[in-house]
Amino acid sequence: LDNGGDGSVDLEDFFDGCLRFRGPARAMDVGRIMQDQRWLIRSQGRFQTYVGQAIPPLQEDLAALQKELRGLVRSLGLQAEDDWAPVQWKA
């Protein structure tokens, strides 16, 4: 319904949208759906690329942190992880 693409729907956009939803789809409506679908696919691809690049460094940081915590626990004299680590911390 947002014809202007500004994230809001004014009264005219709303009524125009309601009138369009009556009856069969027109070529313009199908074209708009195709355009929106292409935008969604591109956006999803960019997001997937971003997440794919962001996760490996986080995994490395978490592994390093886990190693440091294990060393700290040993230096405190705790022998088994069961003495200090909740089950959900297991990697």
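**Entry 1: the nonpolar patch**

I began with the surface and found a nonpolar patch of about 550 Å², made by Leu62, Leu65, Leu69, Leu72, Leu76 and Leu78. This is a predicted model, so I kept to its limits: local features need pLDDT of at least 70, side-chain atom pairs count only at pLDDT 80 or more, and totals for chains, interfaces and linings use all residues. Residues are numbered from 1 along each chain as its sequence is written, and side-chain values use heavy atoms, with hydrogens and water left out.

My patch rule takes residues with over 30% relative accessible area and no salt bridge, joining nonpolar side chains (Val, Leu, Ile, Met, Phe, Trp, Tyr) within 5 Å and like charges within 9 Å. Areas come from the Shrake-Rupley method with a 1.4 Å probe, and for residues only the protein chains shown count as cover.

I then looked up Leu62, which sits in helix α2 (residues 27-75). Leu62 has a relative accessible area of 58% and is therefore exposed (over 50%; buried is under 20%, and partly exposed lies in between).

**Entry 2: the negative patch**

Next I turned to charge and found Asp6, Asp10, Glu12 and Asp16 gathered in a negative patch on the surface. Here Asp and Glu count as negative and Lys and Arg as positive, while His and the chain ends are not counted. Each charge is placed at CG of Asp, CD of Glu, NZ of Lys or CZ of Arg. Glu12 belongs to helix α1 (residues 11-20), and its 56% relative accessibility makes it exposed.

**Entry 3: the salt bridge**

How many salt bridges are there? I count 1, taking a side-chain nitrogen of Lys or Arg within 4 Å of a carboxyl oxygen of Asp or Glu. The side chains of Arg32 and Asp36 form it, at 3.1 Å from N to O. These two are 4 residues apart in helix α2, so about one helical turn separates them. Arg32 is partly exposed at 38%, and Asp36 is partly exposed too, at 33%.

**Entry 4: the whole chain**

Last, I checked the totals. The chain has 2 helices and 0 strands, read as DSSP runs numbered from the N terminus (helices H or I, at least four residues; strands E, at least two). Of its 91 residues, 8% count as buried. The accessible surface comes to about 8000 Å², with 61% belonging to carbon and sulfur atoms.

Terms used: Buried < 20%, exposed > 50% of the residue type's maximum accessible area, 1.4 Å probe, protein only.
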